[in-house]
Amino acid sequence: MEQKLSGINGSTEEEFPESVAVICVLKDTSDSSEVFKGLGNPKIDHPVRFEQDLRKSQMDQKMWKQLIRLVILICVSIVIFWVFWQQVDFNTPQIVPERTPVWTKKLANLSTVPPVSQSDSAHISSTEPLFISPEEVQSIEDALKWPAPPTSVIATNQTTSPYTSSYVLQNPHKNYSVGDIITMTITARDGSKIPKAYGGDFFQAKLFNTELKSSVFGEVVDHHNGTYTAIFKLLWEGQAKVSIRLIHSSEAVQVLLRHREREPDKVFFTGVFRRANIEEKVVCNAQSSERWQKASNCCCEYRHPISGESWICRRPSRLPCSAWVEHSMGRYQAQLSKLESSLLHSNYTNKYLPGNVTVNVSHHDLNSSMSVKCVPGLDTPSPAGFYLNDKWTSLMCRTQSFAKANEIATCLKDKQVLMMGDSTLRQWYEYLLKTAPTLKQLNLFTSSKSGPFEAVDIGNNIRLIWRAHGLPIRTSLTPRADLHYIVSEVAALAGGPHSVVVFTIWAHFTTFPLTTYLKRLAGIRRAVRALLQRAPQTLVLIKSANTGYKDIYGSDWLSWQLDCALRMMFKKLPVVIIDVWQMTSCYNSPDNIHPSYKVVQNEVDLFLSFVCPR
C-alpha cells in the first residue's frame, strides 16, 4: 500500500506545492530503514534524524512564505491608501465647483486643453499657449511695446516734469467751425527745464467747456523725440478749452512695466480652507512666487477644465486641497525703491500742464456717422463721441436716450441679460434697478460685492443677472462656488435672439503680467466664438476699461494696455465694444474708478442702443 508523505501538522502537498520535490513514496512496511537506504545517500544513516530535518525544513519554508505574504499585504495596503488619498486631495474637477448645467459637457470639444487635476507643481510657464498662438502673443506685445528711456535716472528732476512741460496750438486760425481739427504740440521737459530727447510719457488730452457741460477726447501721438501731438475734433458751437495732463512720465511708466512683469504677487489673496471643526487661511494667487517654489510641499493648484488656467494656494498644514471653500482679498505688498516711489508720487502724477489755449467754434452742420444703426462689428472711431449738456453723442452709431423706466422695460422686454465683470459693470446693474423699478431683485443671500445678483420683471419677461468674472478678484469674503469664470458661463449658454451677454474684465488684472491677461481673454474669445456659431443672433457686448487709478496697482497706463490688448483680440468677432475709456477720460469731473452717475447713465444708454437699435 502506498501513501504520500504528509507535511507539518498534517498538511498535504496541495497546501505546499513547492514541496513536491521532497515528497517521498513510502512502502507500507514496518522497517523504514530500507526506505532510507533506497534514497541513495550514504550520509543518511539515521532515518529518524532525517525525518526531523525534513519537517524543520518544511516549517522554515512555511514561515518564509507567511512573511512574504505579510510584506505583500502591507505593500498593497500602502498603494490602496495612497491612491485613495490622491483621489480625495487632487481630483478637484474645476477651478470653482460651479453648479454647471449638464449641457456644458457637450462643449468639451471646444477645448484643446484637457482638464488637469490638482498637483504639487505650482509653476506655470508664462509662455504656455492656451487658445492663443505664440505668434499672436508676440504680435500684441510688439503693438504694446513702450519706448524706454535710453539711460537710467538717479533723481526725480531728471524725469519729465508737468511743471516745466508745455503745449502750443499749431497753425492757429481766427475762426473755427464745428467739424474742424486742431492739433497741439506738446514739449516734454525735465525738472531742470531741459527738453527731453526721447518719448514714452503718458499724456491724456481733452477739449471741454464747463458752462456747456461739453467735452471730447483728444488722441495723443508720441514722436519719440520728446514732442507729442494732441489731436482734437471741434464738435460743439462755442468755446473749447484745451486740457492736457501728464499721467506718468516715461520713467514712471518703466516702473509700472517692470513691476507688472516681475512682481506678480504684489497683490495676494486669501483662501479659506474648512472641514469639520478645522479652518485654515493661506495665501493664494494666479501665479506662484519664487518664495512659494522654495518651500517644501508647496501648493494646491486648481486648473479650470475649459480654459486650463491655474489658481494656486499654499497647501494648508492640516487640510486637503479639496477643503478650499472661500476667497477674499489679502494684502497689497509691492516693494518699491525710494526713487520708484518718488516717480509715482502724486507730485508728478496726474498733473495738468500749464497753458491756456481756447478756441471759438462757430456753427456748422456736422456730417457724421450718426445715421449708422448700432449693430455689432462697428469700428470705434477717434473720437468715439462727445458730451454736450452732459449727454453723450456717439460718432459711431445712432444712439438713443432711455431716461424713463418704461423705455428701459420696453427695450429689455423678453430679454435675458447676463452681465459678468467687476464693480464698474455692477454699476450698470444697479443703475437699471434704480431706474426701472419693475425690475425686482431676488434675495440670493450672496456677497454684496461679488454677487451673483439676479433681478426679474415678470410682466415684461426680463431676467437680469450680474456676477463677478471669477478669480482673480479683490473682494470681501466670498464662497468659492459663487466665483464662476466668464468662459464657463458663456459655454453653458444656449444663446439666441433673446440672449444678451455683456462682460468686462481688466481692473483686477493690472497687477499681473500681460500674458496672464491674454490667456484669460483667449479662453473667453474661444467661448464667445462658439456661442456665436451655435446661436448667431446672440448679442455680445464688451465694456472697455475706464480711467481711474494712478498707482502701482492700477494705473491708467496699465488699464490702457489691457484695453488695447482686448480690442486687438476681439477685433475679428461680430461683437460690440462699448468704449467707455473715452467717456471717462474726457468727462468734466475728477477721475474715479467708479464713474459718476451721469457717466454711468450715458454708458447704459449706449449699451441699450445696441440691444434695441433703431
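**A walk through the predicted chain**

Strand 10 (residues 267-275) and strand 14 (residues 324-332) run antiparallel and are joined by seven bridges. Strands here are DSSP runs of E with at least two residues, helices are runs of H or I with at least four residues, and both are numbered from the N terminus. Two strands pair if DSSP finds at least two bridges between them. Within this pairing, Thr270 has Ser328 in strand 14 as its bridge partner. Strand 14 also pairs with strand 23 (residues 478-479), in the antiparallel sense and over two bridges. There, Glu326 stands opposite Pro479 of strand 23.

This is a predicted model, in which local features need pLDDT of at least 70 and side-chain atom pairs count only at pLDDT 80 or more, while totals for chains, interfaces and linings use all residues. Residues are numbered from 1 along each chain as its sequence is written, and side-chain values use heavy atoms, with hydrogens and water left out.

The chain as a whole has 13 helices and 26 strands. Of its 614 residues, 50% count as buried; buried means under 20% relative accessible area, exposed over 50%, and partly exposed in between (1.4 Å probe, protein chains only). Among contacts (heavy atoms within 4.5 Å) with a separation of 6 or more, 76% are between residues 24 or more positions apart.

Strand 20 pairs with strand 21 (residues 453-457) in the antiparallel sense over two bridges, and Gln441 has Ala455 in strand 21 as its bridge partner.

Helix 4 (residues 250-262) has 13 residues and spans 18 Å from its first C-alpha to its last, close to the 18 Å expected at 1.5 Å a residue. The expected span is 1.5 Å times one less than the number of residues. The buried residues of helix 4 include Val253, Leu256, His259 and Arg260. Its buried residues pack against strand 6 (202-209), strand 9 (238-248), helix 6 (338-343), helix 10 (514-534) and helix 11 (556-569).

Salt bridges come next. Side chains of opposite charge can pair when their charged atoms come close. The structure holds 16 salt bridges, each a side-chain nitrogen of Lys or Arg within 4 Å of a carboxyl oxygen of Asp or Glu. Arg258 and Glu340 form one of them, at 2.9 Å from N to O. Arg258 lies in helix 4 and Glu340 in helix 6, so this pair ties together parts that are 82 residues apart in sequence. Arg258 is partly exposed at 31% relative accessibility, whereas Glu340 is buried at 11%.

Another salt bridge joins Arg245 to Asp591, with the closest N and O atoms 2.9 Å apart. This pair links distant parts of the chain, 346 residues apart: Arg245 is in strand 9, and Asp591 is in the loop between helix 12 (581-585) and helix 13 (597-611). Arg245 counts as buried because its relative accessibility is 8%. Arg245 and Asp591 also belong to a network of salt bridges with Lys550 and Asp556.

In the salt bridge between Arg567 and Asp579, the closest N and O atoms are 3.1 Å apart. Arg567 is in helix 11 and Asp579 in the loop between strand 26 (576-578) and helix 12, 12 residues apart. Arg567 is partly exposed, at 21% relative accessible area, and Asp579 is buried, at 7%.

Two further sites differ in setting. Ala535 sits in the loop between helix 10 and strand 25 (539-543) and is buried at 7% relative accessibility. Leaving aside residues up to four places away in sequence, Ala535 touches Ala494, Gly495 and Gly496. Ala535 and Ala494 are 41 residues apart in sequence, and their C-alpha atoms are 7.2 Å apart.

Trp64, by contrast, is exposed at 57% relative accessible area and lies in helix 2 (residues 47-90). Together with Leu67, Leu70, Val71, Leu73, Ile74 and Ile78, Trp64 forms a nonpolar surface patch of about 720 Å² accessible area. Patches are made of residues with over 30% relative accessible area and no salt bridge; like charges are joined within 9 Å, and nonpolar side chains (Val, Leu, Ile, Met, Phe, Trp, Tyr) within 5 Å.

Technical notes
Areas by Shrake-Rupley, 256 points an atom, 1.4 Å probe, with all protein chains shown as cover.
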